[in-house]
Amino acid sequence: MQPIRTFNISPSLPPRLEKLRQLAYNLHWDWNVETKDLFRRLDIDLWESSHHNPVLMLGTISQARLQEAAEDEGFLAQMDRAARQLEEYLQERTWYRKNRTSSSMEETSVAGTGVQDTKDKSENSDSSTECYAYFSAEFGLVDCLPIYSGGLGVLAGDHLKSASDLGLPLVGVGLLYQQGYFAQYLNADGWQQERYLSNDFYNMPLHLERNSDGSELRIGVNYPGRTVYARVWRVQVGMVPLYMMDTNIEPNNSYDQNITDQLYGGDMDMRIHQEIMLGIGGAQMLKALGHQVTAYHMNEGHAAFLALERIRILIQEAGLNYPEARQVVASSSIFTTHTPVPAGIDLFPPDKVLYYLGYYADVFGLSKEQFLGLGRENTGDLTSPFSMAILALKMATFANGVAQLHGEVSRQMFHSLWLNLPIEEVPITAITNGVHARSCVAKSTQELYDRYLGPNWSSAPVKNPLWERLETIPDQELWRNHERCRLDMVVYVREHLIKHLRDRGASGSEIARTQEVLDPSVLTIGFARRFATYKRATLWMRDLDRIKRILSGNKDRKLQFVIAGKAHPKDFPGKELIRDINRFIREQGCEKQVVFVPNYDIHVARLLVAGCDVWLNTPRRPREASGTSGMKAAMNGLLNLSVLDGWWDEADYVHTGWAIGHGESYEDPTYQDQVEANALYDLIEQEVVPLFYERDADLLPRRWSAKMKDAIRLNCPFFNTERMVREYALRAYFPASDRYHTLTANQYAPAKQLAHWKQNLVAHWFNIKIENVDISEPAEIQVNQTIAVKSRINLATLNPDDVQVELYQGSIDTSGEIRHGSPVVMTYQGQDQQGCGVYTGNITYGNSGLQGLSLRVLPKNEYLSSPYEPRLILWAQ
């Protein structure tokens, strides 16, 4: 029966408890111990059954309990304290205001591959004149908002939390999924099944955005033959608003209502529908909300279509032509890639792209093939698909991978976009991921750190002397706290498994046996992550005889595994890994020592990264872009046992855990699995187990505790999103926002100038000729001996100010190429009688051996983000 009218019913709170509403609707409660304890105190059972959703709690709790709380002086005092902490938090986020100055720009705007000094362009750069928009297909913030699938979403959520902590003028942009990602359950054979549950947005910490007249704020996005409408919801993440679009409304047809139904669900047509809504709809939404965005951050390529919409708006509303509009867009866009393999990139067939987005080609004045070339590495390959990552890279002023090793992999993957540029200079840098400390560290552990390190440990940088105070934490106190965390995890896992078995209709005997799984005093290895095949979730099972011996070894040195994770519904090889683990558990009779925890989510993850002793990670190097679960584990004092991939390749794996292998590369994956499985078994048997069970007279594992302290001290200050987001701000947001202000000044005059300059540059670049290079010294020289170089260059119709001439020097590798070379800018001395530009420079070599020298010409313009932006380079032959 359809209603004739709908009502949104809000919780009825006694006036004295009205502050609870404010606290419930700001996700600051997720990383504020006082507030979370407050809601837990209100009704612990309801807190758990609501999946830690304070809005749902307030809507379902009995009025009698609310009235009782309104008369409880202790509860009221805690509520007032929590409200005061939120108010102070919202007023005291000062890092941005302190660091967004011209002096900070002078120090930080040049970062490796590229952004020129902007120190004289930031006088108008403050929170009233700039805004950074962070686009992501998923956000993992709290477990009561199940609109995330895994690490990418949780990273995005942590990004928003730290942006709030730092006071950045940032807004998030995403889709609000009616069913989100699936809830996982296992059948009797251990095969993953999916259950999709509908989210009740009105009982979640969400605000529906409205117009001034009270009507819903809606946007309309053009799809072939129709307009699809979306309303806008906001979740407040501390100081940062996250805006999400919801198409499950009338007058959309049923297919269009399902655009925001499931995360990563549906076929390719549904995927392109979702990415159009995210990118194009997101740009329109920000405009409708009145945000004057000055820097756009694409977290993966899903949102890359936003660049097309921004160009369209500038053409049709600001009167720019396509090159001018593209220049503005590219100069203020940032792209973060999380994909270490080409297979992980969204690719769309050319005909599908033209069907859904071909009208943009008409607006831009481009042919179909020119338009499709925006998403192709090789624009001459007319059959290649349209790549969202390529589109994002071509439309970004700053691009980065998410770990140093991943940056290297990304430069190799996308090297063809910058032909003839040395691979180490490809302008894709790296900003290593982090995690939000106050979200992932267990409550009791946070309180321990607060007591001994002070309240600022979660944001203290690497060199802060506060970290030396870790040594003042008594080993006994650290260890007892960790044992409590392990016990909490074991209790939860038992309860969770029993509920899962009851839902499945398991026998009473099976449920009874589950009440005894895991031993809270035994060394526990955790493995929890997405079940993609490259993560090799069953590597520890490769030699069944050996792992059985390890599990059934010395009764005083027992070992147990806790495993969790989801496979994508269409990833059948990933599902087979889950089934293999559950079959192993059942067939080998080790239900008490090895458990698979169904329906891995943020809440389960937090318990595991606090309660295990060792965190296992076995990806096939270098296919792990970063990985963040190990960072969370380290912050809780866990030791990592991992292949040297992603973030672990940068960590101090000697003092804070163990490395599986030495970062080798293998041609034969079967042989690699054999070698690394044996290395894993050796480490467990010879190092991990003996160290854990080595106890002193007080029955304390002193050397293990020392390693725990190293894990906290060396990993917590660096592998956190406080450092990560600061780095994004200094290296990407500030410079991109400054470039936006610069290029849009005086009715876009600088952007027009730069676009026209580029057109002239491209038209005449290939007429440049390096006539000769005169080197003063013979082939045999001494270390640090000065070598004078002179070159004559015919610039054709270009001016000397249009180019930068560089000497390029470095050692010669076995293939005869200069590797890891360094440039030396040459000085323009004027023209000779033939009209050629004369350039001179001096170089020296600090190392002996076979060294090389070359010369190159690069574009130069004060408005370029880097000389590599036009993707033009000329080398001496």
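Predicted model: local features only at pLDDT ≥ 70, side-chain atom pairs only at ≥ 80, totals over all residues.
Contact here means heavy atoms within 4.5 Å.

Glu722 belongs to helix H28, which covers residues 721-765. The relative accessible area of Glu722 is 11%. A residue counts as buried under 20%, so Glu722 is buried.

Helix H23 spans residues 572-587 and has 16 residues. The buried residues of H23 include Gly574, Lys575, Leu577, Ile578 and Arg579. Ile581, Asn582, Phe584 and Ile585 of H23 are buried as well. In an α-helix there are 3.6 residues a turn, so residues three or four places apart point the same way. The buried residues of H23 pack against both strands and a helix. The strands are S3 (183-186), S4 (192-195), S16 (559-564) and S17 (594-597). The helix is H22 (544-551).

H20 contributes Asp475, Leu478, Trp479 and His482 to the contact. H27 contributes Arg702, Trp704, Ser705, Met708, Lys709 and Ile712. By class, the contact of H20 with H27 comprises 5 nonpolar, 2 polar and 3 charged residues.

Strand S26 (residues 837-843) pairs with strand S22 and with strand S25. S22 covers residues 787-794, and its pairing with S26 is antiparallel over 7 bridges. In this pairing, Ile787 stands opposite Ile843 of S26. S25 covers residues 827-831, and its pairing with S26 is also antiparallel, over 4 bridges. Here Thr827 stands opposite Thr840 of S26. S25 and S26 form a hairpin, with 5 residues between the two strands. Gly835 lies in the turn and has a positive phi of about 85°. S26 itself is mostly covered, with 5 of its 7 residues buried.

Notes. Residues numbered from 1 in each chain as written. Heavy atoms only, no water. Buried < 20%, exposed > 50% of the residue type's maximum accessible area, 1.4 Å probe, protein only. Pairing = 2+ DSSP bridges. Nonpolar A, V, L, I, M, F, W, Y, C, P; charged D, E, K, R; others polar. Expected span 1.5 Å × (residues − 1).
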